[in-house]
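Subject: Structure handover

Hi,

Here is the structure I promised to pass on. My notes follow below it.

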Amino acid sequence: MVSATKQVPEPADDSGLPGPEPRQSLLFRARIWSRRARIVTARVLRLVRTGATRLLPGIRYLLRAVHRRWRRSLQFRTVLTTLMLAVGSFAVVGAYLSNQIAHNLFQERLAQAESETRYNVKQVQDTFDGAQVTDQSSVITLVYDTLNAVEGRGSVIQRRYVFEAMPEQTKPRNRWVESRASDQLTISVIPPELRKAVQDSGKDQFWASTEFPVGTEDRPGIAVGNKVTFNGTVYELYLIYDLNTAQKTLDEIQNVLFAGAAALALMIGAVAWYVTRNVVSPVSHAAVVSEKLAAGQLQERMVVKGEDEVARLGASFNHMAASLQEQITQLATLSQMQQRFVSDVSHELRTPLTTVRMAAEVLYDARDDFDPINKRSAELLYNQVERFQSLLADLLEISRFDAGVAMLDAEPTDIVQLISHVIEGVAPVAAEYGSEVTLNAPAGSIVVEMDDRRIDRILRNLVLNALEHGEGRPVNISVAANDTAVAVAVRDHGIGMSAAEAARVFDRFWRADPARARTTGGSGLGLSIATEDTKLHNGWLQAWGEKGSGSNFRLTLPLRRGETITRSPLQLEPADVGPAGVLMERTTLLVNQPATDPRPASAAGAKEQP
Amino acid sequence: MKARILVVDDDEALAEMIGIVLRNDGFDPVFCADGSQALDIFRSAKPDLVLLDLMLPGMDGIEVCRQIRGESDVPIVMLTAKSDTSDVVRGLESGADDYVPKPFKPAELVARVRARLRPGDQKAPETLRIADVTIDVAGHVVSRNSERISLTPLEFDLLVALARKPWQVFTRELLLEQVWGYRHAADTRLVNVHVQRLRSKIERDPEAPEVVLTVRGVGYKAGS
């Protein structure tokens, strides 16, 4: 089909694009769609506004639930993503398809309109050329009949027409017909560009899209125009073809496409749900099982079906669980054996040691009856058995910690009172070194949930260490508490230690100066045991030292069992060395002078003693 | 008359050494090396005090302790090589009055023995009351509504110590000193375990004590 019809160039379009027809139809459809969209948007907005005010809390809850689901469920996320991607791709494909169909429909209709127009214009021209009429009424009748014939026979109007004399031409006397148009039409439905193109050309045919009224509605259509001559007058003849049926077809096709896409999207969602469920359910099963394993249910295993990747995961997971269980059981057995061993060694060693010790003491008590050599031997035996015993006790204590059998026997106890007892206990040693032990306890009593036997051991150890390294200078003990923790600081002003030594002081068998005489005969495990005792309480044990300025050991304990310490109530670096600290006032508790202390609460322990 | 002391210990050397020390201090030791024979020897020897090792062949020391306590109020002091909390507490709960952890000094052992053998206060007749419990100190009788409650001598001493000074709160250390005769701070679990045992005998509801009250963070006092 050869088309001689040219499209009227749009006034705005001077770029000369190769295919302007689809653009024309697109523009046209865009106008319709935009109008529909405006209406729909307005309605939706109104609905959203009224709904938002009433349903806002519900919507917010829903959104949060969806968001939570999105974060926590892999399946939900996968299905939703798949759905969104599917809808997106359907939108793209659907838009392309419907565009393509619209274009084809339009082209087909246009081709038909062009050929029909050519035929009809020729018919009209032929009729006009062969007319033998001269009077006004027969001319009018001829023209009207000829034009009415263009509308087609039958009840359905196949095309409409607009017939108008070209302006700006000399008006002959016998020109009785100026214009004529189908029902409801006037020349204004023809776009001016089309008219101009028709007027300016010779006998060429032109077309343009237009809208024309039918009944109460505006219908889309194609106007094809050409010129005919009658009785020396040039007329413009435009035939207008209805695109309504094409538009309806297109709408139907779009509806079908839309329905198909929706159904497909639902099916894809269902498929995605099914597939991800198949993949995710073993994973979530594995998650549940590993959570149970982590909680200590070591016999828990995954269900293995088939030979696929998931089955391999299950099998290797089970393998891992089995070896884990085996190792944990083995460790537990080892720990039990260790515990048994420690207990056995404890018993087996202590019984003979008790005998040896008693014998040594009997000999020691009778040493005055011996000759000098035997007397000195009895003394050495007695002292060394004592040292051996304390070393053994410390070793057994440490091994109990290592075996993890040490238990915390905590109950609320007044720590200030306990410190007073410790000070009383070390009084003979303090007198031996010539050191004064002072207590600074601004709060009269601080009740702490603790294992008093262990805390007593820690503090006794710290104070004895301070005395040993204190060079006879005073040893100050400070106690303070905040909301969550209590701290005890033991400060000496003796030889002190470097920062590096302070870092190692809690190591087992470590000694600041190996050449130094072991005057108190400690095992070298005292501070290690103190560290373990502190750990058992969830506490801190820290050391500060400076060569020549002495050292400070700070024990911090949570006030209530199981709580964590955030800040110690006392400063580790002493106030008298570093910047101003929390040690505000110093109250002295003289150990040998119990009744003169101004603070009855801190001296309470001392008063009870005989 | 010399106090007779039954030493139940399977270690011959230690038993002999304990014998030497006890004899040296004027006691009359009797020995038993097997847990299963301990009860028979106890019945025949009628000792004034039992020194009992916890680990014994034949029968566990804890079981021996329970059996002896089942038929007598004789003071029992455990000799223990284990200082694990659970073992000590188990021993005390089975009826022992005190314990001496190995290795111990001879003086320590003798002090513990003497403390348990200390004759009761033979004073003028004295009657004390805590809550609805009546204590006849001289007659060693405790009763509620004229119904007699059986206590071991140690439990009796503990109750009397509290009842004599109902206005005072006793710390565990003070009770250790007054009731057990310790001069220095020792294991306060002794007090905890015996207070619980005492409560199980004299309280109507041991969960809500009325006779022996706990003062949180300090110690115990008598109820009013």
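Start with the contact between the chains: 22 residues come from chain B and 26 residues from chain A. On the side of chain B that touches chain A, helix H1 (residues 12–24) of chain B gives the largest share, five residues. That side of chain B divides into 13 nonpolar, three polar and six charged residues. Keep in mind that this is a predicted model.

Next, chain A. Helix H2 (residues 74–129) of chain A has 56 residues, which at 1.5 Å a residue should span 82 Å. Its end C-alpha atoms are 81 Å apart, so the two values agree. Buried residues in H2(A) include A:Val79, A:Phe106, A:Leu110, A:Glu114 and A:Asn120.

Now the sheets of chain B.

An open sheet of four strands runs in the order S6-S7-S8-S9 (chain B), with antiparallel pairing. Strand S6 (127–130) and strand S9 (147–149) of chain B are the edge strands, each pairing on one side only. From one strand to the next, the twist averages 30 degrees. S6(B) and strand S7 (residues 133–136) of chain B are joined by four bridges. B:Ile130 has B:Val133 in S7(B) as its bridge partner. Helix H6 (residues 153–164) of chain B lies across S6, S7 and strand S8 (141–144) of chain B, at about 80 degrees to S6(B).

An open sheet of three strands has the order S10-S12-S11 (chain B), also with antiparallel pairing. Strands S10 (170–171) and S11 (212–215) of chain B each have a single partner strand, so one side of each lacks a neighbour in the sheet. Four bridges pair S11(B) with strand S12 (residues 219–222) of chain B. There, B:Val212 stands opposite B:Ala222.

Best wishes

Note on methods:
Residues numbered from 1 in each chain as written. Chains lettered and ligands numbered in written order. Predicted model: local features only at pLDDT ≥ 70, side-chain atom pairs only at ≥ 80, totals over all residues. Pairing = 2+ DSSP bridges. Helix = DSSP H or I, 4+ residues; strand = E, 2+ residues; numbered from the N terminus. Contact = placed C-beta atoms within 7 Å. Nonpolar A, V, L, I, M, F, W, Y, C, P; charged D, E, K, R; others polar. Expected span 1.5 Å × (residues − 1). Buried ≥ 20, exposed ≤ 12 C-beta atoms within 10 Å, placed from the backbone. Axes fitted to C-alpha atoms, helices over the stretch in contact; angles between N-to-C directions.
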